[in-house]
Amino acid sequence: MAKITVNESCIGCGACTGVAPDVFEMNDEGLASVVGDDVASAKEAAESCPVEAIEVED
């Protein structure tokens with residue numbers, strides 16, 4: 001099973017929620033949180049992240 005995480009470099013830009021709303025949502029602190037497990041969508045979101053905060057381990 002793949003592991004999808006958002007690291008501490010997240011700036012809360014929301015690009016990931018735009019690309020993969022089924023995998024990411026913005027939390028109460030305004031940062032991204034993982035809420036799904038669609039690896040393909042997570043990888044696409046990782047490519048769109050301006051600070052490389054999304055990590056997907058297969």
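What covers the buried residues of α2? The cover includes β1 (3–6), α1 (15–19), β2 (24–26) and β4 (54–57). The model described here is predicted.

**Helix α2**

Helix α2 spans residues 39–48, and its buried residues are S41, A42 and A45. Seen down the axis of α2, these buried residues fall within an arc of 100°, so they line one face of the helix. An α-helix has 3.6 residues a turn, so residues three or four places apart point the same way. On the other side of α2, A40 and E47 are exposed.

S41 belongs to helix α2 and has a relative accessible area of 16%. Because buried means under 20% relative accessible area, S41 counts as buried. Apart from neighbours within four places in sequence, S41 is in contact with V19, A20, D22 and V23.

**The cavity**

Rolling a probe the size of a water molecule over the atoms shows where empty space is left. In this model the count comes to one cavity of 30 Å³ or more. The largest cavity has a volume of about 80 Å³. Its lining is made up of 14 residues, and C10, C13, C16, A32 and C49 lie nearest the centre of the largest cavity. By type, the lining of the largest cavity divides into 12 nonpolar residues, two polar and no charged.

**The cysteines**

Several cysteines are named among the residues nearest the centre of the largest cavity, including C10 and C13. How many disulfides does a search of the whole structure find? The search finds zero. A disulfide is a pair of cysteine sulfur atoms within 2.5 Å. The sulfur of C10 is 6.3 Å from the closest cysteine sulfur, that of C16, which is too far for a bond. C13 is in no disulfide either, and the nearest cysteine sulfur, in C49, is 5.8 Å away.

Definitions and conventions: Residues are numbered from 1 along each chain as its sequence is written. This is a predicted model: local features need pLDDT of at least 70, side-chain atom pairs count only at pLDDT 80 or more; totals for chains, interfaces and linings use all residues. Side-chain values use heavy atoms; hydrogens and water are left out. On a 1 Å grid over the protein atoms alone, a cavity is a set of points where a 1.4 Å probe fits but cannot get out, and a pocket is an open set with protein on both sides within 12 Å along at least five of seven lines; lining residues have an atom within 4 Å of a point. Grid points are joined across faces, edges and corners, and a volume is the space filled by probe spheres set on the points. Ala, Val, Leu, Ile, Met, Phe, Trp, Tyr, Cys and Pro count as nonpolar, Asp, Glu, Lys and Arg as charged, and the others, Gly among them, as polar. Buried means under 20% relative accessible area, exposed over 50%, partly exposed in between (1.4 Å probe, protein chains only). Helices (H or I, at least four residues) and strands (E, at least two) are DSSP runs, numbered from the N terminus. The arc is that of the directions from the helix axis to the C-beta atoms. Contact means heavy atoms within 4.5 Å.
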